[in-house]
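Student: I would like to learn how to read a structure feature by feature. Could you take me through one slowly, with the general idea before each case?

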Amino acid sequence: MDVMDPLPVTGIATANPLGLALPATWDALREGRSGLRPNDFMDAAVKTWIGRIVGLEEQPIIGELADWDCRNNRLALLGLRQDEFEASVEEARRAYGPARIGVVIGTTTSGILETELAYRHRGADGALPDTLRYRHQQNLFSVSDFVRHRLRLAGPAASLSTACSSSAKVFATASRLIRSGLCDAVVAGGVDSLCLMTLYGFASLGLLSDRPCRPCDAERNGLSIGEAAGFMLLERPGRRKADFALLGYGESSDAYHMSTPQPEGKGAAAAMEQALSRAGLKPVDIEYVNLHGTGTAANDRAEDQAICAVLGDRVPCSSTKGGTGHTLGAAGITEAVLCALCLRHDFIPGTLHTAAVDPSLVSRIMVKSVYQPLRRVMSNSFGFGGNNCSLIFGKVT
Amino acid sequence: MELWVRAVGVLGPGLDGWTATRAILAGLEPYSARPTKKPIPDVLPATERRRSGEASRLAIAVAQEAVSASRIPSQELATVFASSDGDGDITHKICGSLAGTDRDVSPTLFHNSVYNAPAGYWSIATGSRSGSTSVCAYDLSFAAGLLEAAVQVTVERQPVMLIASDLPFPAPLHAARPVDQSFAVALLLAPHEIGTPLMRWDITLEAYRTPTAWPSGPGNSLRNNPAARCLPLLAALAGGGSPIVSLDYLDHSSLVVACEV
């Protein structure tokens, strides 16, 4: 496999349960604050904790893009408005032209909430209310289409949906679009919002914790669902200085089970090894791993095995999902953003809510946060269907 | 972007495998619109075979056909799955349950509801740990999938199988998204002229041109199926269509495929 050149990240934006924009997110991360709360999403009677973005209900999309109004695209818009991201994209748009900038967004449920609610209002003949705008709300492409219209971009675009690895996979696709010469820059991101299907669906699988999730804890009993939007502008080197770059990515499948990871983490390990090869790095070069770390018994055990097999048991690892919740299709981008903050501040976040690490886990799980010089970090994302993606980010010096 | 088509798999109304479909598209056999066969993939372990949904079964059937014809081991193939809408029947059932009083969502339906369910079942069926991506661009999902697959072939220099499929929507969702018929296609694409490729494709993104007309018989049956937008390419592969195929892409641009035997 060829080693790829570092791909500069020239714009970052986040809206996640820790906070809106990078400064608020950093404050919560370093102070060890969680964005989780007891479930108060609509009328969902599920006993769990969630990472809800407050106020989306009162922020409709108006104007010429009003057709796209739905919870998921509201969250996308909120994300785009953070961290002067739209200005960064506009600058790139002027430099390269709109047709040279792609849009690749990960999502798992898009605007399905609007369809869920429409089903409550079926007519006597079973018909759905004509207020439902399937194409602009529920279809998975809706969010990518909304983002490219909002940013006035005209390059290649697609939504990626590989369950909880979706917005990690966008980095692989974006990198290839740039290396193929089709794009000079790509807006890569992830947007996933709360809906009834994920809350009741994960509950039906017995995967939701009744408390804030405790990844890697001996008494962990499931995940907490969150919602988030995040974006990065990836750009071919040269135009603008960046302090942060994508160094490598690895993609694999488990070939094991639809909703349970391969117990020895073999698929996860394959993705991590591939990311190292593509970045031209050795295991010892990775100084921190942001775990997929959902807080389910099976995920954390399998990931632990994969980490030990590929990186050994000395690299500091932690899960930030105790703060953000598992933002599903937005987890990859949200954790990429957190990795950017970690590199910027030479900071390894602890694993929130985790009191005592499961003694059967062998890797070096960081419970408490620590400041430590960092140059290269890895972020893991694994999804249903056994879809794995591992990313390596680094400081640009 | 230059690539070689190594093999094809196809299932649709009156389109039962590539050999039969090729004969129809080449004008050697008449077309008659019969309902798409419902394959039960024997490559899946019994539990997964029982749990798998229709989208996964259809995708696996066409993928299997392409892989057997290519003689490339499935473990060496990255995959790109493309669909506009996944499985609308699952969406319908889950939204129906959530609108009811007890709101019980079936665990099997829930894990089958992920867009990459066909990819998950395919990797279980074949034991392949290769990477897999699932893409959506509404009506343009086939073109977006072809672009993703071509970019992967070009940049990663590895064979990639593109599997595109769309299923009919049930009522009442059908009114909001009128997709009809079941259709799936698998195209096995390689970076080199190894073995005996069917055709060389040169793929470019260009300013808008009139899209290539669909072959009439299957084209009529499948006009409301986004994945069937590959039909002009299948006609070219069958030797019965235009050698320059233009597919609609975003913003009035076109994905143009120059085909060369």
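## Reading a two-chain model

Student: Before we look at any detail, what kind of model is this, and what does it score for ipTM and pTM?

Tutor: This is a predicted model, and its scores are ipTM 0.98 and pTM 0.98. For chain B the average pLDDT is 96, with 100% of the residues scoring at least 70.

Student: How many residues of chain A are in contact with chain B?

Tutor: The size of an interface is often given as the accessible area lost when the parts come together, but here we shall count residues instead. On chain A, 52 residues are in contact with 50 residues of chain B. The elements of chain A that each supply at least two residues to this side include α4 (112-118), β6 (157-160), α7 (166-179) and α8 (196-204). Sorted by class, the residues on the side of chain A that touches chain B are 24 nonpolar, 19 polar and nine charged.

Student: Which strand of chain B is joined to β6(A), and in which sense do the two run, parallel or antiparallel?

Tutor: Strands of a sheet pair through backbone hydrogen bonds, either parallel or antiparallel. In this case β6(A) is joined by two bridges to strand β4 (residues 132-136) of chain B, and the two run antiparallel. If you want a place to look, find A:Ser159, which stands opposite B:Cys136 in β4(B).

Student: And within chain B, which strands are joined to β7(B)?

Tutor: Strand β7 (residues 199-207) of chain B is joined by four bridges to strand β1 (residues 2-12) of chain B, running antiparallel, and by eight bridges to strand β9 (residues 253-260) of chain B, again antiparallel.

Student: Now back to chain A: what is the order of the strands in its open sheet of three strands?

Tutor: The order is β3-β4-β8 in chain A, with mixed pairing. The edge strands, β3 (37-38) and β8 (225-226) of chain A, each pair on one side only. Strand β4 (residues 49-51) of chain A pairs with β8(A) in the parallel sense over two bridges, and there A:Gly51 has A:Gly226 as its bridge partner in β8(A).

Student: How many residues of α8(A) are buried, and what do they pack against?

Tutor: An α-helix has 3.6 residues a turn, so residues three or four places apart point the same way. In α8(A), nine of its nine residues are buried, which leaves the helix mostly covered; among them are A:Leu196, A:Tyr200 and A:Phe202. These buried residues pack against α4 and β8 of chain A, together with α4 (88-99) and α5 (107-112) of chain B. After the helix comes A:Gly206, whose phi is positive, near 70°.

Student: At what angle do α7(A) and α12(A) pack?

Tutor: Helix α12 (residues 331-345) of chain A and α7(A) pack at an angle of about 75°, and their axes are 4 Å apart. That makes the two helices, α7(A) and α12(A), roughly perpendicular. A:Ser166, A:Ser167 and A:Ala168 in α7(A) meet A:Ala331, A:Gly332 and A:Ile333 in α12(A), so that by class the contact has three nonpolar, three polar and no charged residues.

Student: Why does A:Ala24 count as partly exposed?

Tutor: A:Ala24, which is found in helix α1 (residues 21-31) of chain A, counts as partly exposed because it has 15 C-beta neighbours inside 10 Å. A residue is buried at 20 or more and exposed at 12 or fewer.

Student: Finally, which strands pair with β16(A)?

Tutor: In a regular strand the side chains alternate between the two faces of the sheet. Strand β16 (residues 376-383) of chain A has seven of its eight residues buried. Strand β11 (residues 288-290) of chain A pairs with β16(A) in the parallel sense over three bridges, whereas strand β17 (residues 387-395) of chain A is joined to β16(A) by eight bridges and runs antiparallel. A:Met378 has a partner in each, namely A:Val289 and, in β17(A), A:Ile392. The hairpin of β16(A) and β17(A) has three residues between the strands, and in it A:Gly385 takes a positive phi near 80°.

Conventions: Residues are numbered from 1 along each chain as its sequence is written. Chains are lettered from A and ligands numbered from 1 in the order in which they are written. Two residues are in contact if their C-beta atoms, placed from the backbone, lie within 7 Å. Ala, Val, Leu, Ile, Met, Phe, Trp, Tyr, Cys and Pro count as nonpolar, Asp, Glu, Lys and Arg as charged, and the others, Gly among them, as polar. Two strands pair if DSSP finds at least two bridges between them. pLDDT is the predictor's confidence in each residue, from 0 to 100. Axes are lines fitted to C-alpha atoms, for helices over the stretch in contact, and angles run from 0 to 180 degrees between N-to-C directions. Angles under 35 degrees count as roughly parallel, over 145 as roughly antiparallel, 65 to 115 as roughly perpendicular and the rest as oblique.
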